[in-house]
Amino acid sequence: MDDIQYLQYCRGLWHEFSRTLARRTAALDEQDPLRLLAEECLALPEADLYRHGTALALRLFSHHPEFAPTFPRTLLWFLGGDCLHVMTDEEIATFQALDEERLAAAERGATFDYRAEASARLQLP
């Protein structure tokens with residue numbers, strides 16, 4: 001998986017999470033903060049994911065912790081910055097190792113199945 005594929009993978013994770021959150025909150029009042037957050041996540045343009053995704057993720061973790069476990073850990077790593085504060089040291093070390101292996105494989109022209117490796121090492125769905 002090269003950098004472009006990794007970016008596409010993370011964008012896909014964001015869209016999947018956003019669609020699921022929007023579907024789960026659709027029955028809430030239109031002004032409910034969780035529903036508004038879900039709508040903001042869903043409406044976020046791909047180009048703004050890295051710029052605004054962190055703030056939206058942190059709102060989820062700080063204001064709606066019951067939904068925090070549904071947020072993909074890979075996205076926390078991808079967004080970085082303050083999102084790293086909600087990750088364990090072990091998760092950070094594992095994601096760092098995954099990135100190093102992904103980049104090394106890309107340099108060799110080899111295939112690295114990031115999704116499978118992350119799932120196996122972190123017990124991700």
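**Notebook: salt bridges**

I began with Arg 59, which counts as partly exposed at 28% relative accessibility. The model I am reading is predicted.

Which residue does Arg 59 meet in a salt bridge? I found Glu 40, with the side chains 3.0 Å apart, N to O. Glu 40 sits in helix α2 and Arg 59 in helix α3, so this pair ties together parts 19 residues apart in sequence. I looked up Glu 40 as well: its relative accessibility is 36%, so it is partly exposed.

Next I checked Arg 11. Its side chain forms a salt bridge with that of Glu 46, at 3.3 Å from N to O. I placed Arg 11 in helix α1, residues 3-25, and Glu 46 in the loop between α2 (33-43) and α3 (49-63). The pair is 35 residues apart and links distant parts of the chain. Arg 11 has a relative accessible area of 23%, which is partly exposed. For Glu 46 I noted 41%, also partly exposed.

Then I turned to helix α6, residues 114-122. Here Glu 117 and Arg 121 meet in a salt bridge at 2.9 Å, N to O. How far apart are Glu 117 and Arg 121 in the helix? They are four residues apart, so about one helical turn separates them. Glu 117 is partly exposed at 30% relative accessibility. Arg 121 is partly exposed too, with a relative accessible area of 32%.

I also noted a network: salt bridges link Asp 3, Asp 99 and Arg 102.

Last, I took down the total. The count comes to nine salt bridges, with a side-chain nitrogen of Lys or Arg within 4 Å of a carboxyl oxygen of Asp or Glu as the rule.

How values were computed:
Residues are numbered from 1 along each chain as its sequence is written. This is a predicted model: local features need pLDDT of at least 70, side-chain atom pairs count only at pLDDT 80 or more; totals for chains, interfaces and linings use all residues. Side-chain values use heavy atoms; hydrogens and water are left out. Helices (H or I, at least four residues) and strands (E, at least two) are DSSP runs, numbered from the N terminus. Buried means under 20% relative accessible area, exposed over 50%, partly exposed in between (1.4 Å probe, protein chains only).
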